[in-house]
Amino acid sequence: MNDQFEPQIIALVCNWCTYTAADLAGTSRLSYPSNVRLVRLMCTGMIDAKYIIKAFLDGADGVVIGGCHPGDCHYINGNLKATKRIYGVGKIMEQFGFEPDRLRLKWIGASEGLEFQKNMAEFIETIKQLGPSPVKSRMIL
Amino acid sequence: MYSVLKSEKGGVFAVRSLLKRLLTENMVDAVFVAAKTPYSDLPMPTLISSPENIETADPLAPVAPFNASRQASILLRSDTGKRLALVLRPCEIRALIELVKLKQCVLDPAILIGIECKGRMENALFLEQEKQRSGISISFYQDDNLKEMICSACNVCDHFQPVGTDLTLSVFGVQISTGIGVEAESETGTDILKKMGYSDVQPPAEREAELRDLQQQRLEAKSVLMEKTAEDIKDIKRFETLIANCLNCSNCRVACPVCYCKECVFVTDVFAHEPELLIRRAVKRGMIKMPTETTMFHLTRLAHIGHACVACGHCTSVCPSGIPVADFFITVGSKVQDLFDYEPGRDINEPIPYLVFEEENQ
């Protein structure tokens, strides 16, 4: 069954590092599965819990957040601000039956196109193992 | 420093005389305390400046129409140079401390007088009981039947002793019909008691045991509730069933003492969806419930303030659909609090976890 399952992944990526890495992956002609939909943000520090919750409630099978390595943030420490917030949301979603593995935080620098490709492919594989998100098959109030 | 305030008419009168002296001896300019208005038996938070009006104060009544910390924070928004004594319950003080951390108010003008709390009843139940037997502010502390009428959040509360106060009004180990204990927790508190001429005495012998027993009883009840609630929300289907009757009225948000945003994101354009979007969603999913975003609302509120939930239970009390909002806030909130080793209201110097970050965090 899982062979046919094509997960939908929302990737919230920062403009300066992970988005640039995705761009680099593209220009380097590295291909990665098309399940990932990128949302470009100026910084992971602007990620509010509701972005992640919204993605899950609208049926995303996984959410990946990509930002600059600690110390490399264009805005000094936006990525560090994001870290705890994302841990907190992950903990909350876990209580409602969302496997913690569906939410991933990854630091991918602007020069790491290959890293981006590998991470996305690996994340999609993880989500395929987990199967479709529990909200997919039911009405959400 | 522990003293006993005696009054043959009961603890409430002892508290009133203490508050009255604060005013008459010019130690404070006004007292913020729950007091009955001329129109109802339900004590409301009031700001009293004239000593004779202290007679209406009823801080020991087992009821709280809402968490008074919000009103207290309005009075403490800035330091006016006037001294205020605030008589608050433990959950109200903890919420107030969270609001100070969120820069909503300052404690400089405040003398915090905490009450050891044995729980509150729902408003309607209190009014009914008060009609049946007057003097519930005393009988509540003696009659075990009344103690069982406290609301569900109070039943699982293990923070019945206030922290971070100047003075604590102590009801444990005390015969409330003869007076009340008072403990000075700070230098300001000690000064007040000394100035008033109270002597330092040994706390009653039963006090520690009574506190320990209640603590154990409450912790047991809490773990039962958390286990049950965790089961009720363990997958999204069960959670949807739990909140299915939610009207999106936002009462829980309004009642929440730590949900402090002046303009909640849920009343902004972010969630004022265009009809086109709603129709598109309906087409995609077959049907959608209106208003939408019910689950989103509860989960987002959990994510925004779960770490600061003081478990006062007012969200459940105000829910017109009887949804046990506090139950899942207590359950999920304590998971988040454990994750960050954070306890709301524990210490005014303990930073909110989301506002600090360490460089070594990977």
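Predicted model: local features only at pLDDT ≥ 70, side-chain atom pairs only at ≥ 80, totals over all residues.

User: How many residues of helix H2 of chain A are buried?

Analyst: A residue counts as buried when its relative accessible area is under 20%. In helix H2 (residues 49-57) of chain A, seven of the nine residues are buried, so the helix is largely enclosed by the rest of the structure; among them are A:Lys50, A:Ile53 and A:Phe56.

User: What is found at the start of H2(A), and what follows the helix?

Analyst: At the start, a side-chain oxygen of A:Asp48 comes to within 3.0 Å of the backbone nitrogen of A:Lys50, while A:Gly59, with a positive phi near 105°, follows the helix.

User: How do the axes of helix H3 of chain A and helix H15 of chain B cross?

Analyst: The axes of H3(A) (residues 78-95) and H15(B) (residues 325-339) come within 10 Å and cross at roughly 145°, and the crossing is right-handed. H3(A) contributes A:Tyr87, A:Gly88, A:Lys91, A:Ile92 and A:Gln95 to the contact, and H15(B) contributes B:Val332, B:Lys335, B:Val336 and B:Leu339; these residues divide into five nonpolar, two polar and two charged. As a general idea, an α-helix has 3.6 residues a turn, so residues three or four places apart point the same way.

User: Is B:His307 buried or exposed?

Analyst: B:His307 lies in the loop between helices H13 (294-305) and H14 (314-318) of chain B, and counts as buried because its relative accessibility is 6%. Beyond its neighbours within four places in sequence, B:His307 has contacts that include B:Val336, B:Tyr342 and B:Pro353.

Key
Residues numbered from 1 in each chain as written. Chains lettered and ligands numbered in written order. Heavy atoms only, no water. Helix = DSSP H or I, 4+ residues; strand = E, 2+ residues; numbered from the N terminus. Buried < 20%, exposed > 50% of the residue type's maximum accessible area, 1.4 Å probe, protein only. Contact = heavy atoms within 4.5 Å. Polar contact = N/O pair within 3.5 Å; in protein donor to acceptor, adjacent residues only side chain to side chain. Axes fitted to C-alpha atoms, helices over the stretch in contact; angles between N-to-C directions. Left-handed = near helix turned anticlockwise from the far one by under 90°. Nonpolar A, V, L, I, M, F, W, Y, C, P; charged D, E, K, R; others polar.
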